[in-house]
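Please look at the sequence and the model first.

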Amino acid sequence: MHGIRSKLTPYYLMLPGGLWLAIFFAVPIVMMIGLSTMTGNVISGFGETWQHFGNYVQGFTQYTPEWIRSAEYAGLGCLISIVLSYPIAYWIAFYGGSRKSTYLFLLLLPFFVSFVLRTIAWNYILGDQGLILGPLKHWGLIAPGFRVLATGSAVIIGIVYNYLPFMILPIYVALERVDPTVIEAGRDLYAGSATVFRKVVLPLSLPGVFAGVLLNFVPAASDYVNASVLGGTGNTMIGNIIYDQYFVVQNYPVQASLSFSLMGILLIGIFLYARALGTEEVLEAAAAI
Amino acid sequence: MSAPTISPAPAPAASGSARPKARKPKKTGERLLHWFTWLIIIWLALPIAVVIAFSFNNPHGRFNYSWTGFTLKYWGPKLFAIPNLTTAMEHSLLVAVVATAGATILGTLAGLALGKYKFRGQGVTNLVQFACISAPEVVLGSSLATFFLQVRIQEGALTVIAAHIMFCVSFVAITVRARVVGLDPSVEEAARDLGASPWETFRLVTLPMIMPGVIAGAMLAFALSIDDFITTEFTSGSFMTYPLWIWSVSRQGLPPQVNVMGSIVFAVGVLFAIANSVISRRRAA
């Protein structure tokens, strides 16, 4: 009796949370897949016509620029993030001394301000007469017509800004785990600083970089807040299209097919990426945060 | 890396003369990295400074476009002069408290199951959790929205809370599981050997030991919930939260009250984080 009960314990413990995830995560995703092949409109209702992948074909052909832009902005954002994050993570991990956690805390400060509010604050800062361009134009250092806001660069700045801590943290965690005796061993074998970095430190920190790319690319590629606050009308991403299809056009099947395509592409990407780099390492690094 | 060179023995002539030269640029490099870190910290803090600065601005009209003079009036009774904004903030707090409570309970139970036991279906559970954390928010939000539409559930406070518990529960479960995995099982066995019932063992032994993980998970859930925008927008219907209200008026510009509330949330969050780290450091000492 007691044996059976303790065997069932994990199931009892798992039941409430598991049910919640099943009802509010798994079921909606499955229903969304069903919806994605339907046709109709919001007034007469949507019917399952099994017109199969018509919505998908439309989703990719009609919105090709947005798909490309999403990949481009998220990819560039990731690259810039790595370039900015690596030196910082390196410095904190190896030279931070007793103030390591203070520096990490300072880098996390943006997360204490609402995501929407801080993105709108960038709108003020980058504005045509804003905090940066205003004085520069006043002194005649740049042309009066020069603008950052409502360009792709502004969207990328916003993306880098909003997700940078998600790049710094995993790289820092990976570097922090590098055993100092391994570096000493490299030195003892007469490797120069550059060689020690290239052959010892860098390879050991790569799982952190890979985890950072995962944590940056997924939210950046599907974001629509940065693109609509900072990018104006000409730089929309696929997230904006999903938003419009739901809230403006109310074509739910097209919206569902776009959402499923986005999730599918990202999940396949994550899977291939994890396969190529060793699943364990990437997932462990992601879980370590 | 800052440790002095290891080999005290005289190195071969070539590398011996190269070493002092190699040390100098390293020092400069270290200083450059230090400056660079501070530069990025300032860059990251820039929008926060703008938000806080404009909470003291005295704009002529309703909206806060450019600096027109210092005032403290929005930090006083005028803070609540926009009823819709005040209600939205109350909604955000209410949703965050309820969602945190729900996600913490469900997530702690799940974390215990995943950390302490081996059971069938564990792989699937982990996979669903991973998918839930890594799924793009716009997909989570839009699939929930069409789900509520298809099963004819009216969107409002309850659907927002349900959605928030959904995306917070995995984070709590992961945090708690990490704590459970590090526990020494012999302590619980000792409690049982001394005659404690399973419930007493849990309440008096297990729970206090996993408490730091539970608190960390709850704080994470609260932070995620109060700041959530994308999923909330898709699941809220006409229910307004603080980020949604900001979004709805952002085209015209934000009144200073938004900045004051944002600054207060920022200050409270920072204080909590500092208090938490001080307490955990003292406990460790």
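The model is predicted: local features need pLDDT of at least 70, side-chain atom pairs count only at pLDDT 80 or more, and totals for chains, interfaces and linings use all residues. Residues are numbered from 1 along each chain as its sequence is written.

The second largest pocket has a volume of about 820 Å³. Of its 24 lining residues, Thr9(A), Lys116(B), Tyr117(B), Arg192(B) and Pro198(B) are the closest to its centre. A pocket is an open set of points on a 1 Å grid where a 1.4 Å probe fits, with protein on both sides within 12 Å along at least five of seven lines; lining residues have an atom within 4 Å of a point. Helix α1(A) gives the most to this lining, with six residues. Helices are DSSP runs (H or I) of at least four residues.

A nonpolar surface patch of about 730 Å² includes Phe70(B) and Trp67(B). Such patches join nonpolar side chains within 5 Å, from residues with over 30% relative accessible area and no salt bridge; a salt bridge is a side-chain nitrogen of Lys or Arg within 4 Å of a carboxyl oxygen of Asp or Glu.

Two residues are set side by side below, where buried means under 20% relative accessible area and exposed over 50% (1.4 Å probe, protein chains only).

| Residue | State | Relative accessible area |
|---|---|---|
| Phe70(B) | exposed | 58% |
| Ile40(B) | buried | 6% |

Phe70(B) lies in the loop between α1 and α2 of chain B, whereas Ile40(B) lies in helix α1 of chain B.

Technical notes
Chains are lettered from A and ligands numbered from 1 in the order in which they are written. Side-chain values use heavy atoms; hydrogens and water are left out. Patches are made of residues with over 30% relative accessible area and no salt bridge: like charges are joined within 9 Å, nonpolar side chains (Val, Leu, Ile, Met, Phe, Trp, Tyr) within 5 Å. Accessible areas come from the Shrake-Rupley method with a 1.4 Å probe; for residues, only the protein chains shown count as cover. Helices (H or I, at least four residues) and strands (E, at least two) are DSSP runs, numbered from the N terminus. Grid points are joined across faces, edges and corners, and a volume is the space filled by probe spheres set on the points.
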